[in-house]
Amino acid sequence: MERKERMRFSVKAKMYVFVIITVLAVAAGTSAVAFRVEADQIDRYYKQNTADNARNFASFVDGDFLAELKEAAASDEFQALRVKAEEEEDEKLIEDWLTEKGLWERYAQTRAMLNQYLENMDQIKYLYIVAHGDADSEYDMYLIDDYENPLYETGYYEEREEEFLETDLTKMIEPQISHGDWGWLCSSFAPVFGSDGNAVCIVGCDVGMDDVVAERGRLLLYLFIGTLIFVTIVLTGAMLFINEVVVKPLDAMTREMKKFRPSDQLSHEEAGVINVSIKSNDEISEIYQGIRTMQINTLNYLRDLSTLQKDKIKAEIDIKNKDKEIDKLNVETYKDALTGVGNKAAYVKMAEELNRKLKNAPLEFAIVMVDMNNLKQINDEHGHKAGDQYIKGCCHLICEAFKHSPIYRIGGDEFVALLQGPDYDKRKEITEALKGEYAKSFAREELDPWLRYSAAVGLAEHASDDATVEFVFKRADKAMYEDKEKFKAEHGRYR
């Protein structure tokens with residue numbers, strides 16, 4: 001059975017990912033904030049400059065004159081004349097008409113003042129006076145424009161730009177930055193009031209921002225390149241630092257820990273006690289010292305345990321030599337020395353007592369036969385100490401399964417459980433659970449072989465025609481061998 005392994009995500013990888021994400025986030029955030037602050041400062045400057053110029057020029061203009069001009073330009077007579085002048089490209093028609101109406105001199109003065117203002121303010125791209133309709137209007141009428149626009153543009157109705165629809169420009173305080181047919185512009189509008197206090201028209205001021213936007217794009221590019229360089233330098237330094245301070249010591253400790261093989265027969269060096277040069281005085285150094293101390297204590301414990309076992313064996317030998325009576329008692333004892341369960345003598349005694357009871361009355365009981373798998377292979381390849389540990393582990397699983405029943409070790413790798421009472425009532429369920437525990441233990445391939453417990457299990461129940469325990473035992477033994485053959489067919493035979 002193959003064991004599924006979870007994908008390993010090392011501490012080193014986690015630290016690298018964390019540092020990379022953190023540095024990128026900080027660098028990108030800082031660059032974004034710097035760019036936004038710079039852009040906002042420039043925008044505020046241009047908006048303030050545009051608004052100041054619009055209000056400044058509006059203060060120079062005669063509102064009462066513009067009211068007269070607006071009324072005259074909106075008349076049907078002028079609009080017809082304006083169309084004719086535009087078709088014939090004859091500005092003289094407009095000049096003569098304004099002269100006739102007594103408006104030309106003030107018109108020329110206002111237009112000259114507008115052009116002079118434009119010449120003195122290099123940043124201003126467009127400066128104009130517009131008869132602005134109400135918020136529901138879709139058109140605005142030009143009254144006065146610069147010298148680059150012909151006179152017949154006076155009274156021209158232009159479709160209002162989309163961003164200014166449903167807007168009363170006489171009440172518009174905040175300048176707008178937009179992109180349209182004339183490029184990037186910062187636009188601001190200031191109302192011109194007549195002597196009656198009512199807004200007559202508006203002064204529009206447009207400052208070109210094409211160079212500013214282009215420069216902003218270059219700034220964004222420089223910030224991006226600078227951020228990449230900064231991130232590369234910082235990440236390189238951070239990776240080198242993490243690798244030197246954390247990753248290398250952890251890798252070295254991991255390699256050394258895998259070499260540890262505790263045994264009471266080996267020295268510290270032979271057993272692979274961790275030995276790494278940790279120069280830092282931090283948590284990693286404390287972890288290293290803790291692991292090393294734990295490994296040394298483990299070896300010392302095994303040695304002490306081995307010494308106690310040797311002393312115990314020597315004491316038992318001395319007792320046997322001094323007192324034959326005690327030796328005879330030990331031979332007849334009913335307890336298995338290795339596992340602590342009943343030995344074969346105890347099983348024979350139990351079977352004899354059970355046979356006597358069967359002669360008098362029927363009994364409900366079952367026998368479970370357990371035979372360990374691969375014990376010989378473990379003894380041959382890893383020694384009898386490993387084999388003993390394997391026997392005890394397999395026995396422990398039996399005892400855990402049948403907690404209310406006597407267990408007997410009747411051979412080197414054979415155990416018998418006599419089920420009565422609660423264990424008999426749940427005999428099949430408990431037996432199948434025991435098989436499952438052995439299967440799970442054997443599947444743990446990361447453990448040493450003598451810790452991967454496995455055994456064949458067979459169950460037989462007492463029938464009414466069974467005269468002795470031996471009949472039940474033989475059926476349990478047969479069931480066990482059938483289970484063992486399944487194991488050998490799946491995992492192969494030793495030798």
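In the predicted model, the axes of helix α11 (residues 375-382) and helix α12 (residues 384-401) approach within 7 Å and cross at roughly 150°. Because angles over 145 degrees count as roughly antiparallel, α11 is described as roughly antiparallel to α12. On the α11 side, the residues that meet α12 are Leu375, Ile378, Asn379 and His382. Their counterparts in α12 are His384, Ala386, Gly387, Tyr390 and Ile391. By residue class, this contact of α11 with α12 comprises 5 nonpolar and 4 polar residues, with no charged ones.

A further helix pair is formed by α3 (residues 76-88) and α4 (residues 92-100), whose axes come within 8 Å and cross at roughly 155°. This crossing angle makes α3 roughly antiparallel to α4. Helix α3 contributes Glu77, Phe78, Leu81, Arg82, Lys84, Ala85 and Glu88 to the contact, while α4 contributes Leu93, Ile94 and Trp97. The residues of the contact of α3 with α4 divide into 6 nonpolar and 4 charged, and no polar residue takes part.

Attention now turns to the strands. Strands of a sheet pair through backbone hydrogen bonds, in either a parallel or an antiparallel manner. In the model, 6 strands make up an open sheet with antiparallel pairing, arranged in the order β3-β2-β1-β6-β5-β4.

The antiparallel strands β4 and β5 are joined by 5 bridges, and a hairpin connects β4 to β5 through 2 residues. Within this pairing, Gly180 has Gly183 of β5 as its bridge partner. Between β5 (residues 183-193) and β6 (residues 199-208), which also run antiparallel, there are 9 bridges. In β6, Val203 is the bridge partner of Ala190, and Gly204 is the bridge partner of Phe189. The hairpin of β5 and β6 has 5 residues between the strands, and in this hairpin Gly197 adopts a positive phi near 85°. Of the 11 residues of β5, 8 are buried, so this strand is largely enclosed by the rest of the structure.

The largest nonpolar core has 40 residues, of which Leu66, Leu69, Leu127, Ile129, Leu143 and Ile144 touch the most other members. When neighbours within four places in sequence are left aside, Leu127 is in contact with Phe57, Leu114, Tyr117, Leu118, Asp145, Asp146, Val203, Gly204 and Cys205. Among these contacts of Leu127, Val203 is the bridge partner of Ala190, and Gly204 is that of Phe189. Another core, of 28 residues, lies apart from the largest one and includes Tyr390, Phe402, Ala417 and Ala455. One of these, Tyr390, is also among the α12 residues that meet α11.

Note on methods. Residues are numbered from 1 along each chain as its sequence is written. This is a predicted model: local features need pLDDT of at least 70, side-chain atom pairs count only at pLDDT 80 or more; totals for chains, interfaces and linings use all residues. Side-chain values use heavy atoms; hydrogens and water are left out. Two strands pair if DSSP finds at least two bridges between them. Helices (H or I, at least four residues) and strands (E, at least two) are DSSP runs, numbered from the N terminus. Axes are lines fitted to C-alpha atoms, for helices over the stretch in contact, and angles run from 0 to 180 degrees between N-to-C directions. Angles under 35 degrees count as roughly parallel, over 145 as roughly antiparallel, 65 to 115 as roughly perpendicular and the rest as oblique. Contact means heavy atoms within 4.5 Å. Ala, Val, Leu, Ile, Met, Phe, Trp, Tyr, Cys and Pro count as nonpolar, Asp, Glu, Lys and Arg as charged, and the others, Gly among them, as polar. Buried means under 20% relative accessible area, exposed over 50%, partly exposed in between (1.4 Å probe, protein chains only). A nonpolar core is a set of buried Ala, Val, Leu, Ile, Met, Phe, Trp, Tyr and Cys residues joined through side-chain atoms within 4.5 Å.
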